[in-house]
Amino acid sequence: MPIGFLTSIALLALCTFAALRPPMPRHSSPSNLWFWLGNLLNEQPFLGLALLAVSAFPTLTTRLGTPAWWLAVALTAVPACGMAALAARTRSARVVLEAALAADPGIRMPHSRRPILRVLLLPLVSWRPGVRRLRNRRYGDAQAQRLDVYVSRSRPHGAPILLYLHGGGFVTGSKLLGARPLLYRLADHGWVCASANYRLRTAYSDSLADAKQAIAWLRDHADELGADPARLVVAGGSAGAHLAATIALTDDSISGAIGLYGYYGPTAGGASGAPATPHAHLHADAPPLLIVHGTLDTLVLVEDARHFADELDHASSAPVVFAELPGTQHNFDFFHSLRFHAVADAVESFAVWATRR
C-alpha cells in the first residue's frame with residue numbers, strides 16, 4: 001500500500017479526531033496543538049472530504065476487490081465517517097441560538113436559505129458584488145490605526161454601524177481575519193460595517209484607546225458613509241471580544257455588543273497598571289450583549305465565557321444572551337460554513353433588535 005496514501009489517511013484521521021473530540025485543557029491558553037489540527041476541518045468538513053477523496057482516489061481505483069483494496073476502503077471510511085459526523089453536528093448551532101435569543105429578548109431568527117453552494121464551492125471567499133470595501137482608512141496617526149469599511153453599493157442612508165475587532169491575544173491578528181463573511185453579509189443588507197486594526201504588543205489601555213478612536217472616526221464620518229452615528233454595535237472575536245465588552249461597559253453610547261469565542265479574563269497593561277478585564281466594569285446600565293462560545297474551544301474554555309455572562313446577567317438590567325454552540329472550536333467566524341451561517345443569522349437578528357430599542 002502506498003506510503004503517501006497511508007500518510008494522508010493518518011493525517012486526516014488525526015485532524016478529524018482533533019475536531020470531533022479534542023482533549024480539553026484545564027485552563028484557557030493562547031494556543032495548543034489540538035486547535036491547529038482540528039479547527040479548519042471542524043468548520044469545513046466538506047473541504048476535508050474533498051481532500052480525502054483526492055488522497056484516496058489513486059489507491060481505490062486500482063486492484064479492485066483485492067485484500068489490499070478492501071483494507072484501503074476501510075482505512076478511508078474511518079475519517080470519512082468522522083467528517084460526516086462533523087457536518088451533521090453543525091446543525092445543532094441554529095437550535096441553540098434560536099433558543100438563546102428567544103429566552104430573553106424574544107428575538108426570532110430568520111430561517112434564511114442555507115448557502116450550500118457557497119459552502120461547498122467557495123468556502124474561503126467572502127466577497128459579494130453588492131458591497132464596496134473602502135480599504136485602509138486612517139483613524140489615527142499610528143501605523144496600526146487603520147480600518148476597512150464595508151458599505152453597500154446602493155449607498156445607504158441612516159444605516160446602523162457595526163465595528164468588528166479581530167482576535168489574536170493582543171499580540172497578533174489583522175482586520176483581514178475574522179468575521180469577513182458577516183461583514184460582507186451585513187453590508188449587503190444595508191449596514192455600514194468596519195473592521196479595525198489596533199496596536200498590538202502594547203499596553204491594553206492603548207489597544208482599548210484605539211478601538212474607541214475607531215468608533216469616534218466612524219461617527220465623525222457617518223454622513224459620508226450614509227450611517228446613523230447613534231446606532232452602533234461593537235463586536236469582536238477572542239481578544240477583540242474582550243475589547244468589545246469593555247467598550248460596551250464603559251461607553252454609554254453603544255447600542256449593543258457581540259462577543260464571539262471571547263476571552264474576558266485579566267490581561268496586563270490596564271490604564272492604572274492593574275490587570276484589565278471587563279469583569280471590573282459590570283453595572284446595571286450596560287447595553288445588551290450577545291455572547292457566543294463553543295463547547296470545544298481549546299483556547300478559551302467555555303466555562304470562562306459562561307462565568308462572565310452569568311456575572312454580567314446578574315449586574316445588568318439589559319438582556320445578556322449567552323449561547324454555547326455544541327462541538328464548536330475557536331475562530332468559528334473565519335470561513336463560510338453552515339455553523340457560521342446560523343451564527344450570522346443570530347448576530348444580525350440581535351444587532352437589528354439592539355439598534356431599534
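The legends below describe close-up views of a predicted model. Local features need pLDDT of at least 70 and side-chain atom pairs count only at pLDDT 80 or more, while totals for chains, interfaces and linings use all residues. Residues are numbered from 1 along each chain as its sequence is written, and side-chain values use heavy atoms, with hydrogens and water left out.

**View 1. An open sheet of 8 strands.** The strands follow the order S1-S2-S4-S3-S5-S6-S7-S8, and their pairing is mixed. Strands (E, at least two residues) and helices (H or I, at least four) are DSSP runs, numbered from the N terminus; two strands pair if DSSP finds at least two bridges between them. Strand S1 (131-138) and S8 stand at the edges with a single partner strand each, so one side of each has no neighbour in the sheet. On average, neighbouring strands are turned by 20° against each other, direction ignored. In general, strands of a sheet pair through backbone hydrogen bonds, either parallel or antiparallel. Strand S3 (residues 159-165) and strand S5 (residues 227-237) run parallel and are joined by 6 bridges. Leu162 has Val233 in S5 as its bridge partner.

**View 2. Helices H5 and H8 across the sheet.** Helix H5 (residues 92-103) lies across S7 and S8 and runs at about 165° to S8. Helix H8 (residues 204-220) lies across S1, S2, S3, strand S4 (192-196) and S5, at about 155° to S3. Axes are lines fitted to C-alpha atoms, for helices over the stretch in contact, and angles run from 0 to 180 degrees between N-to-C directions. Contact means heavy atoms within 4.5 Å.

**View 3. The enclosed helix H7.** In helix H7 (residues 180-188), 8 of the 9 residues are buried, so the helix is largely enclosed by the rest of the structure. Buried means under 20% relative accessible area, exposed means over 50%, and partly exposed lies in between (1.4 Å probe, protein chains only). Among the buried residues of H7 are Arg180, Tyr184 and Arg185. The buried residues of this helix pack against S1, S2, S3, S4 and H12. Just after H7, Gly190 takes a positive phi of about 100°.

**View 4. The nonpolar cores.** A nonpolar core is a set of buried Ala, Val, Leu, Ile, Met, Phe, Trp, Tyr and Cys residues joined through side-chain atoms within 4.5 Å. The largest core has 46 residues, of which Val149, Leu163, Leu165, Ile247 and Phe308 touch the most other members. Helix H10 (residues 239-250) supplies the largest share of this core, 8 residues. Apart from this core lies another, of 38 residues, including Leu97, Ile107, Ile258 and Ala323. In soluble globular proteins, nonpolar side chains tend to be buried together.

**View 5. Two of the aromatic pairs.** Rings of Phe, Tyr and Trp (its six-membered ring) pair if their centres lie within 6.5 Å; planes under 30 degrees apart count as stacked, over 60 as edge-to-face and the rest as tilted. By this rule there are 9 aromatic pairs. Tyr261 and Phe332 form an edge-to-face pair, 5.1 Å centre to centre with 75° between the planes. Tyr261 lies in the loop between strand S6 (256-260) and strand S7 (289-294), and Phe332 in the loop between strand S8 (320-325) and helix H12 (338-355), so the pair ties together parts 71 residues apart in sequence. Tyr261 is buried at 1% relative accessibility, and Phe332 is buried with a relative accessible area of 1%. Phe350 and Trp353 form a tilted pair, 5.9 Å centre to centre with 40° between the planes. These two residues are 3 apart in helix H12 and are thus separated by about one helical turn. Phe350 is buried at 0% relative accessibility, whereas Trp353 is partly exposed at 23%.

**View 6. The surroundings of Ser238.** Ser238 is placed in the loop between S5 and H10, and it is buried, with a relative accessible area of 10%. Not counting residues up to four places away in sequence, Ser238 touches Gly167, Leu260, Tyr261, Gly262, Tyr263 and His330. The side chains of Ser238 and His330 are joined by a polar contact of 2.9 Å. A polar contact is a pair of N or O atoms within 3.5 Å; within protein, one must be able to donate a hydrogen and the other to accept it, and residues adjacent in sequence count only if both atoms are side-chain atoms.
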